[in-house]
Amino acid sequence: MSTATEPLRALLLEGIHSDAVASLEKNGYAVETVDRALDEDELTARIAGVHMLGIRSKTTITDAVLAAAPELLAIGAFCIGTNQIDLPATLQRGVAVFNAPFSNTRSVVELVVAELIALTRRLFDKNSLMHAGVWDKSAEGAHEVRGRRLGIIGYGNIGSQLSVLAESLGMSVFFYDTADKLALGNARRCASMEELLAVSDVVTLHVDGRPGNSGLFGEAEFARMRPGSLFLNLSRGFVVDHGALRSHIESGHLAGAAIDVFPHEPKGRGDEFVSELRGLPNVIITPHIGGSTEEAQQDIGQFVAGKLQDFVATGNTALSVNLPTVSLPAPPEGHRLTHLHRNTPGVLATINGILADHDVNIEGQLLGTRGEIGYVITDIGTRYTSDVIEQLRGLPTTVRLRLLS
């Protein structure tokens with residue numbers, strides 16, 4: 001373990017925004033940065049002694065990685081998704097995980113709107129012809145988005161904001177979501193994905209990365225889409241069968257598509273990109289840049305870095321992906337204990353019994369549970385002995401005990 005004079009270490013991968021680096025360094029962290037993703041072997045070799053890890057979407061956190069990092073306190077996913085992280089394994093080792101569920105919403109929505117207009121006007125085809133020296137001033141195949149029907153699959157933060165902007169452009173909006181979501185504006189909810197596909201001129205996916213969404217959209221779904229319609233996916237690469245999409249583009253059943261995410265993506269900038277969708281007309285393919293605006297990345301850097309530092313300093317878990325939500329104002333004086341444990345009856349009484357047996361007064365306490373895990377923050381106004389810590393750490397239900405002053 002680090003001594004009191006050694007700074008806590010942070011490892012930030014995949015070119016995380018400089019604001020995150022500056023924030024951590026300002027608060028005394030020793031920060032190491034890497035501008036690309038690391039595979040399991042590379043990360044396992046570098047993570048020993050790291051207290052805070054920052055990643056984006058291309059670094060996979062496995063149990064083997066976590067086993068190599070006994071001092072790791074928290075992981076920050078500087079993106080929306082966390083399916084690249086073994087969340088059950090982080091719980092078993094008491095590592096908190098935070099993400100940025102809202103910071104890049106606007107950037108993704110604006111790219112959808114831009115691609116929607118570009119596809120509808122066939123701008124990329126016109127652009128390619130112009131660069132080839134061909135003047136093709138024709139309205140054939142070009143349409144306004146006004147009056148067209150947009151079908152949104154997944155009506156979360158991104159889908160719902162897209163709904164508002166699309167309606168302001170004069171589009172009729174339909175949406176489908178497995179959860180019960182409130183329709184915004186004049187958007188209409190569809191009872192099934194089949195119903196949505198039957199009425200939509202444009203279909204766009206905004207689902208999350210849960211395993212159940214794998215292969216969500218394939219041959220059967222493309223076949224149900226209206227002839228001449230458009231398809232967009234800026235959610236997760238593994239939810240779409242790209243071979244089926246290519247077939248429906250080549251047959252002329254679909255008029256175009258825009259894809260920002262892929263089942264297999266290069267690890268770093270400049271690496272070769274391989275896909276069945278390369279070379280297709282009126283198909284926009286972009287390198288997973290939905291949230292890649294300077295504004296979004298700056299906001300993500302500040303937001304996630306702040307959450308990580310707050311957890312390490314105070315134990316507060318507001319907006320944690322995997323731990324119960326517990327937030328207690330930091331006391332002006334005294335000490336703080338945080339105890340992550342298996343959620344079984346009587347744990348809190350046992351903790352308080354140990355403190356009482358050693359004449360330790362509790363000045364503030366808050367418990368939260370989530371499924372099989374419980375998390376309690378306890379503020380005490382008196383010093384504690386090593387016996388207190390040994391007994392708390394030795395409880396059969398203890399996952400991780402932290403001592404904060």
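1. Ile117, Leu123, Phe124 and Leu169 form a nonpolar surface patch with about 320 Å² of accessible area together. Patch members have over 30% relative accessible area and no salt bridge, with nonpolar side chains (Val, Leu, Ile, Met, Phe, Trp, Tyr) joined within 5 Å. Areas follow the Shrake-Rupley method with a 1.4 Å probe.

2. This is a predicted model, in which local features need pLDDT of at least 70 and side-chain atom pairs count only at pLDDT 80 or more, while totals for chains, interfaces and linings use all residues. Residues are numbered from 1 along each chain as its sequence is written, and side-chain values use heavy atoms, leaving out hydrogens and water.

3. Phenylalanine 124 belongs to helix α6 (residues 123-131). Because its relative accessibility is 42%, phenylalanine 124 counts as partly exposed (buried is under 20% relative accessible area, exposed over 50%, partly exposed in between).

4. Glutamate 115, in helix α5 (residues 105-121), is buried yet has no salt bridge (a side-chain nitrogen of Lys or Arg within 4 Å of a carboxyl oxygen of Asp or Glu). The nearest side chain of opposite charge, arginine 148, is 14 Å away. Not counting residues up to four places away in sequence, glutamate 115 touches Leu232, Leu234, Ala258, Ile284 and Thr286 (heavy atoms within 4.5 Å).

5. Of the 405 residues in the chain, 48% are buried. Among contacts with a separation of 6 or more, 62% are between residues 24 or more positions apart. The chain exposes about 18,900 Å², of which carbon and sulfur atoms supply 52%.

Technical notes:
Patches are made of residues with over 30% relative accessible area and no salt bridge: like charges are joined within 9 Å, nonpolar side chains (Val, Leu, Ile, Met, Phe, Trp, Tyr) within 5 Å. Helices (H or I, at least four residues) and strands (E, at least two) are DSSP runs, numbered from the N terminus. Buried means under 20% relative accessible area, exposed over 50%, partly exposed in between (1.4 Å probe, protein chains only). Lys and Arg count as positive and Asp and Glu as negative; His and the chain ends are not counted.
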